[in-house]
Amino acid sequence: MNPAKVSDTPARSWSLGSAPGAVPLLGHALALWRRPLEFLASLPAHGDVVEFRLGPSRAYLACHPELVHHVLVNPRVFDKGGVFDKARQLLGNSLSVSRGDDHRFQRRLIQPAFHSTRIAAYTAGVGDDTRRAIRSWRAGRTQDIGEAMHALLMQVAARTLFSTSADEETVEEARQCLRTVSQGIYRRTVAPLGIMEKLPTPGNRRYDHANARLREIVDTMIDERRRSEEDHGDLLSTLLRAEHPETGQRLTDEEVLDQVVTFLVAGSETTASTLAFVFHLLGAHPEAERRVHAEIDAAVGDRSPVFDDLPRLEFTRAVITEALRLYPPSWMSMRVAAVDTELGGHPVPAGTMVVYSAHALHHNPELFPDPEEFVPERWLGERAKEVPRGALLPFGAGSHKCIGDVLALTETALIVATIASRWRLRPVPGSVLRPEPKATLEAGPLPMICEPR
Ligand code: HEM
C-alpha cells in the first residue's frame, strides 16, 4: 500500500528507542497493565518515538510533543480504531467514537452547542448547585473528596445538560448507573476477547441493567423536552435544535441519546477527578491555598461565582491547569495506523497501535522542569510562554480534541471558587494519594477534613 497522503512529520532527525525489560511472550503487557503510569513516564527517556511490545504486537509511544501533534492532526492515517471500535458498540455511534466523514459531520453539527458564548448560560447555576451540595458539610467532619465531587459533578452535569428537568433522586440514580457503566465500558474495551461480557455473571447483569436504566432516564428527558418544544437554554435544548450548517440535517432522538450518554461518560468522571486532585493539592500546599482564598475573596466575595468572574481568578485557574498537568484524567489514548506510514521517519505498518500519553508528556523533565513538583506559577505571565508548544495536552488535539474543554474548565473553576470561599479541606494525617489509572485517572480514596474558613 502506498504511504498515505499526510502532512509530513516535522523535519528534523527524530530518535527511535525501544522500551527495556520486555518479557518473553508478553513483551511489556504486564508492565503496562500493572504500573501503567510509571511505565509510560519512563519511555520518553529512550527516544522521541519508543517501541514497545504487547504480546506479539508492536506498538509505539509518540513521546515528543511535535510527533504527538502529528499523530493527532492526521486522523485519516492515525485512526480511532482498536478500543474505540469496542466503545462504539457500547456508546452508540456518538462523537467520541465516530470517525472519518461521519465524525466530521457530527462535529460540525454539535460544535456550536459548546461555543464559549453558550457556556455562560449552561453554567449559570453551578455556584448554587455547589452551595446546595455543601450545605450538609460540618466542621471537623471527614469526607471522601473524590466521592463528594463525583456526586456534585453529576448534579452539575444534569443541570448543564437538562437544566431543571431532573429531580435529585433521578440524578443520584443516574450517577450510580453511570459509575457502573463507565467501569464496565473500561473493562470491556481493554478485554482482549468479546466473550466475558456476554456471560450472565452478576457483574454483567449489573452493567446491562445500569446501561439500560441510564439510557431510559436520558430518553425520558429527551422525550419530555421534544414534547414541550421550549428552549431551556441548556445543552439538551441546543442539541435538539442543532442543524447542520450546510444540509440543515438534525440529530434523531436516538443520536441525541447516544451523544448525551457520551457527554456524561466523557465529562463527569474526568471533571470530578480534576476537582478531587485540585483539593488534594491545595490541602498539601497551604501557601497556594492562601493565595487562592485571597483571590476568590477579592473577586467574588460572598456571592455565587459566574462565568464572567473567571478572568479575575487567574491563580485559581493556574492551580487547575497544574492539577491537570500532574494528574491528567485522560492519561493515555491510542490510534491505529490505517495505512503503512511513518512516524518521525520510522516506518509504521498499517494496523500498528500508536499511543499518546498526557501523563508521559506532563511528567517529562525535558518539557517541565521538576515535573513532580506542584508549581502553579508555571502557568502565569511570562513563565507560561516557556512551556514548549504541545507539551500540555489534557484535552488532546486535532479533530478529536475534547469538545467539552471550556465547559469542564468553567465548571471546575466555579466549583473550586464556591467551595474555597467557605471551606478549607485538610488532608487526614497519614492518608496518601494513590491515583488509579482506569478509564480516567481517578483520585482513589481521598479522605479530607472540612474546616470552615
Ligand atoms: C477535565 C475534564 C475533561 C478532560 C480531561 C477531557 C479530556 C478529553 C480528551 C483528552 C479527549 C480526546 C481523547 C483522544 O484524543 O482520544 C476528549 C474527547 C472528548 N471529550 Fe473530553 N474531557 C473532559 C471533559 C469533558 C466534558 C465536560 C465533556 C462533555 C460534556 C467532554 C466530552 C468529550 C467528547 C464528546 C470527546 C470526543 C470528541 C471527538 O472525538 O470529537 N469532555 N476529552
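This is a predicted model: local features need pLDDT of at least 70, side-chain atom pairs count only at pLDDT 80 or more; totals for chains, interfaces and linings use all residues.
Mentor: Residues are numbered from 1 along each chain as its sequence is written, and side-chain values use heavy atoms, with hydrogens and water left out.

Trainee: Why is Leu72 called buried?

Mentor: Buried means under 20% relative accessible area, exposed over 50%, and partly exposed in between, with a 1.4 Å probe and protein chains only. Leu72 has a relative accessible area of 3%, and is therefore buried. The residue belongs to helix α3 (residues 65-72); helices (H or I, at least four residues) and strands (E, at least two) are DSSP runs, numbered from the N terminus.

Trainee: What makes α3 mostly covered?

Mentor: Six of the eight residues of α3 are buried, namely Pro65, Leu67, Val68, His70, Val71 and Leu72.

Trainee: Why does Leu25 count as exposed?

Mentor: Leu25 has a relative accessibility of 76%, so the residue counts as exposed. Leu25 lies in the loop between β1 and α1, and its phi is near 70°, a positive value in a residue other than glycine.

Trainee: Why is Asp370 called exposed?

Mentor: The relative accessible area of Asp370 is 55%, so this residue is exposed. Asp370 is located in the loop between α15 (358-362) and α16 (381-385), and has a positive phi of about 45° although it is not a glycine.

Trainee: Which residues form a nonpolar patch on the surface?

Mentor: Val23, Leu25, Leu26 and Leu30 do so, with about 360 Å² of accessible area together. Patches are made of residues with over 30% relative accessible area and no salt bridge; like charges are joined within 9 Å, and nonpolar side chains (Val, Leu, Ile, Met, Phe, Trp, Tyr) within 5 Å. The areas come from the Shrake-Rupley method with a 1.4 Å probe, and for residues only the protein chains shown count as cover. Val23, at 36%, is partly exposed.

Trainee: What makes the contact of Arg179 and Glu147 a salt bridge?

Mentor: A salt bridge is a side-chain nitrogen of Lys or Arg within 4 Å of a carboxyl oxygen of Asp or Glu. For Arg179 and Glu147 the N to O distance is 2.7 Å. This pair links distant parts of the chain, with Arg179 in helix α9 (residues 168-190) and Glu147 in helix α8 (residues 145-162), 32 residues apart. By this rule the count comes to 32 salt bridges.

Trainee: Where do Arg175 and Glu172 lie?

Mentor: Both lie in helix α9, three residues apart, about one turn of the helix. Arg175 is buried at 8%, whereas Glu172 is partly exposed at 31%. Glu147, Glu172, Arg175, Arg179 and Glu269 are linked in a network of salt bridges.

Trainee: Why are α7 and α17 called oblique to each other?

Mentor: Helix α7 (residues 126-133) and helix α17 (residues 405-420) pack at an angle of about 45°, with their axes 9 Å apart. Axes are lines fitted to C-alpha atoms, for helices over the stretch in contact, and angles run from 0 to 180 degrees between N-to-C directions. Angles under 35 degrees count as roughly parallel, over 145 as roughly antiparallel, 65 to 115 as roughly perpendicular and the rest as oblique. The helices α7 and α17 are therefore oblique.
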